[in-house]
Amino acid sequence: MNIGVKLKRVKTEDLIWVIYFFIVIGALLSNAYEKRYLLTGDTTNQKKFKLLNITIFCVAFFIYFYFVLINYEDIEALRKDATRKEVLNAHIGLISSLLFLVAGALAIIGEINRDGPDEDIGFI
């Protein structure tokens with residue numbers, strides 16, 4: 001892979017880190033709404049934290065999708081004389097990206113279908 005492609009990817013990853021910063025802020029705000037809901041029972045707060053969580057998961061899903069595409073491109077770009085280690089690493093990257101993508105999709109489905117904080121999906 002040439003240096004121009006690598007630099008473009010690093011620039012995109014810088015943007016993704018900024019997006020993650022806003023995801024963290026959104027998650028903290030979501031937790032604040034969830035706490036208010038638990039203390040007051042106000043369904044407005046429940047709707048707010050649920051909407052924030054769904055939005056966060058959707059943004060993360062598209063980030064994961066980006067990494068699936070990048071890893072797929074890496075496999076496509078492998079030279080015929082690539083070492084076994086390069087091929088293995090490229091495939092491991094794709095598999096891990098696909099697993100994150102599937103986990104993101106499941107998190108979205110779980111958040112959409114949950115009715116209250118008692119059904120919370122634990123995630124890191």
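**Helix packing and side-chain contacts in the predicted model**

Helices α2 and α3 are roughly antiparallel to each other (a label for angles over 145 degrees; under 35 counts as roughly parallel, 65 to 115 as roughly perpendicular and the rest as oblique). The model is predicted, so local features need pLDDT of at least 70 and side-chain atom pairs count only at pLDDT 80 or more, while totals for chains, interfaces and linings use all residues. Residues are numbered from 1 along each chain as its sequence is written, and side-chain values use heavy atoms, with hydrogens and water left out.

Helices (H or I, at least four residues) and strands (E, at least two) are DSSP runs, numbered from the N terminus. Two packed helices are described by the angle between their axes and the distance between the axes. The axes are lines fitted to C-alpha atoms, for helices over the stretch in contact, with angles from 0 to 180 degrees between N-to-C directions. For α2 (residues 43-76) and α3 (residues 84-113), the axes come within 8 Å and cross at roughly 160°. Their crossing is left-handed, a term for a near helix turned anticlockwise from the far one by less than a right angle (clockwise would be right-handed). The contact of α2 with α3 involves 19 nonpolar, 6 polar and 2 charged residues. In this grouping, Ala, Val, Leu, Ile, Met, Phe, Trp, Tyr, Cys and Pro count as nonpolar, Asp, Glu, Lys and Arg as charged, and the others, Gly among them, as polar.

Helix α1 packs against α2 at an angle of about 160°, with the axes 8 Å apart. That makes α1 roughly antiparallel to α2. The crossing of α1 and α2 is left-handed, and the residues of their contact divide into 17 nonpolar, 8 polar and 7 charged.

Ser97, in helix α3, is buried at 7% relative accessible area (buried means under 20%, exposed over 50%, partly exposed in between, with a 1.4 Å probe and protein chains only). The side chain of Ser97 makes a polar contact with that of Asn71 (2.6 Å). A polar contact is a pair of N or O atoms within 3.5 Å; within protein, one must be able to donate a hydrogen and the other to accept it, and residues adjacent in sequence count only if both atoms are side-chain atoms. Tyr72, in helix α2, is partly exposed at 44%; its C-alpha atom is separated by 9.5 Å from that of Ser97, 25 residues apart along the chain. In the segment after α3 lies Arg114, which counts as buried at 3% relative accessibility. The Arg114 side chain makes a polar contact with the side chain of Glu111 (3.0 Å).

Aromatic rings complete the picture. Rings of Phe, Tyr and Trp (its six-membered ring) pair if their centres lie within 6.5 Å; planes under 30 degrees apart count as stacked, over 60 as edge-to-face and the rest as tilted. By this rule there are 6 aromatic pairs. One of them, Trp17 with Tyr20, is tilted, at 5.6 Å centre to centre and 55° between the planes. Trp17 and Tyr20 are 3 residues apart in helix α1 (residues 3-40), and therefore separated by about one helical turn. Trp17 is exposed at 60%, whereas Tyr20 is partly exposed at 26%. The rings of Tyr66 and Phe67 have centres 5.2 Å apart and planes at 70°, so this pair is edge-to-face. Tyr66 is partly exposed, at 21%, and Phe67 is partly exposed, at 24%.
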